[in-house]
Amino acid sequence: MRRNHQSSLIARTLAATAVIAVAVGCSPQGPKADAAAPATPGSPSSSSSASPSSSASSSASTDDKPGGSPAPAASATTAAKPAPKILMSNGAKGDQVKELQARLAQIGWFDDTPTGTYGAATTAAVKGFQGRRGLAETGTTDSVTWDRLLAMTTKPTAEELAGQAVNKPAAKLDPRCMTGRVMCISKTSRTLSWVVNGKVQSSMDVRFGSQYTPTREGVFKVFEKSRDHVSTIYHTAMPYAMFFSGGQAVHYSSDFAARGYNGASHGCVNVRDKGKIAALFDQVHIGDKVVVYW
C-alpha cells in the first residue's frame, strides 16, 4: 500500500509539473522568446499554435513599432521626389532674368525697371512670391516657382521688358464684391478695384501691412472718412483716409509712391496714385462695403 501510495504521489507531482509547463508556454513572452530553440519533433510549432487573433495582433503591432526582422526595402513609388531644378539664382544674368522681373512686376512683386541681373531686390521679390503661395522661401527661382509664375502672368511685352509699362492681369473679383458698392481689395494681385453692382469703375495698386502688422481680411464697412488725416500713433500723414476696421484704412501713401513694395504699412491699405485715391475718396460713401481677400 505504501509503495502504491508513493507511486500515486509521484504521478500526481509529474502531472502538476506538466500543467505548470503548459501554462508558462502559453503566457506572453518577452523579446528573448524569439531566440528560443526550434520545437522538437512532435511538439506544436509556433505557427500552428498561434490563434488568428494573436496573429492579427502581432501584425498590427509591427505597423507601429520595428519588428525583429529587417523592414522591406522602400519601393520606387515611395522614394522621395527629386528636388525641383534651380533655373535662376542670385548673381544670374540674362534675358530670362529680365523676363522673371517683368512677370513679377505684373503681379506687384517687383517695383523697378527689369535689368536682367538677379540681385537682392529680385531675390526678395521671389522670396515674397514663394511665401504667399506656400512654397519654400529660398529666393531662388526653381522649376516649381517658375511654373507657378508663368500660370499667373502673361508674356512680357517689349515695353514691359524696358520698364516703360506694366500690364497687370485683371484682378479676380471675390464673389462678395459682385453686389452693391464695394472697395474690392485683392492681396494676391495687390490691387484695389472700385466695384459698383458688379462692374469695375477703377483700379489701383495697393500694398499692405507687414507680417508683424498684417492687414485684416474679411468683409467690412467704411465707418469714417478723413481727407487730411494724420496718424495719432505714428504722426504721419494719411490723406484721403477711409477707415474700415479699427485703425486700418485705405489711404494715400507718399512712402509707397517713393519706395514702392520695398516698404509696408502698419496694417492700412496704401495707395500710391494720388489722383486715383482722391477721385475714389469722393465716390465712396459711409457704409460702403470693403472686402479684403486673397
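This is a predicted model: local features need pLDDT of at least 70, side-chain atom pairs count only at pLDDT 80 or more; totals for chains, interfaces and linings use all residues.

Me: Is Asp 288 buried or exposed?

Reply: Buried means under 20% relative accessible area, exposed over 50%, and partly exposed in between (1.4 Å probe, protein chains only). Asp 288 has 8% relative accessibility, so it counts as buried. Residues are numbered from 1 along each chain as its sequence is written, and side-chain values use heavy atoms, leaving out hydrogens and water.

Me: Which side chain does Asp 288 meet in a salt bridge?

Reply: Side chains of opposite charge can pair when their charged atoms come close. In a salt bridge, a side-chain nitrogen of Lys or Arg is within 4 Å of a carboxyl oxygen of Asp or Glu. Here the partner is Arg 181, at 3.2 Å from N to O. Asp 288 sits in the loop between H9 and E11 and Arg 181 in strand E3, 107 residues apart; helices (H or I, at least four residues) and strands (E, at least two) are DSSP runs, numbered from the N terminus. Arg 181 is partly exposed, at 28%.

Me: How many salt bridges does a search of the whole structure find?

Reply: It finds 10. One of them joins Glu 217 to Lys 187, with the closest N and O atoms 3.0 Å apart. Lys 187 is buried at 8%, whereas Glu 217 is partly exposed at 44%.
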